[in-house]
Amino acid sequence: MEASVGDKLLVHGRVVGQHDRLAEVVEVLGDKGTPPYRVRFEDDGHECLMSPGPDTVVRHREQA
């Protein structure tokens, strides 16, 4: 997985009733765009470090 600052991460809900969440990459901490990322979730503004798993899709700025 590779992402840049400004890309969006779409995190799919893992259980019934859990909604998908969208987060913006605000800092890339890995080498050459690899995780971990500092992200800001759009629904509540929460920021955290994230190493996305297979339930996450990168939406590059051109696609968002």
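Buried residues make up 30% of the 64 residues in the chain, where buried means under 20% relative accessible area, exposed over 50% and partly exposed in between, with a 1.4 Å probe and protein chains only. The model is predicted: local features need pLDDT of at least 70 and side-chain atom pairs count only at pLDDT 80 or more, while totals for chains, interfaces and linings use all residues. Residues are numbered from 1 along each chain as its sequence is written, and side-chain values use heavy atoms, with hydrogens and water left out.

**Overall fold**

The order of elements from the N terminus is β-β-β-β-β. The radius of gyration is 11 Å, close to the 11 Å that the globule rule gives for 64 residues, so the chain is as compact as a globular protein of that length. That radius is taken over C-alpha atoms, and the rule is 2.2 Å times the number of residues to the power 0.38. The C-alpha trace spans about 35 × 25 × 25 Å along its principal axes.

Of the contacts with a separation of 6 or more, 39% are between residues 24 or more positions apart; a contact means heavy atoms within 4.5 Å. The chain exposes about 4,300 Å², and carbon and sulfur atoms supply 49% of that area, as given by the Shrake-Rupley method with a 1.4 Å probe. The mean positions of the 8 positive and 12 negative charges are 1 Å apart. Lys and Arg count as positive and Asp and Glu as negative, leaving out His and the chain ends.

**Core**

The largest nonpolar core has 10 residues: Ala3, Leu9, Val11, Ala23, Val25, Tyr37, Val39, Phe41, Met50 and Val58. Strands E1 (8–11), E2 (21–28) and E3 (37–41) each supply at least two residues of this core, and the largest share, three residues, comes from E3. A core of this kind is a set of buried Ala, Val, Leu, Ile, Met, Phe, Trp, Tyr and Cys residues joined through side-chain atoms within 4.5 Å. In soluble globular proteins, nonpolar side chains tend to be buried together.

**Leu49 and the E2–E3 loop**

Leu49 lies in strand E4 (residues 47–50), while Leu29 and Lys32 are in the loop between E2 and E3. Their accessibilities are as follows.

| Residue | Relative accessibility | Class |
|---|---|---|
| Leu49 | 51% | exposed |
| Leu29 | 38% | partly exposed |
| Lys32 | 78% | exposed |

Leaving aside neighbours within four places in sequence, Leu49 is in contact with Leu29, Tyr37 and Arg38. Leu49 and Arg38 are 11 residues apart along the chain, and their C-alpha atoms are separated by 4.5 Å. Under the sequence cut-off of up to four places, Leu29 touches Thr34, Pro36 and Leu49.

The loop between E2 and E3 also holds Pro36. The peptide bond from Pro35 to Pro36 is cis, with omega near 5 degrees. Lys32, a residue other than glycine, has a positive phi, near 55 degrees. Most residues other than glycine have a negative phi, and most peptide bonds are trans.

Note on methods: Helix = DSSP H or I, 4+ residues; strand = E, 2+ residues; numbered from the N terminus. Charge placed at Lys NZ, Arg CZ, Asp CG, Glu CD.
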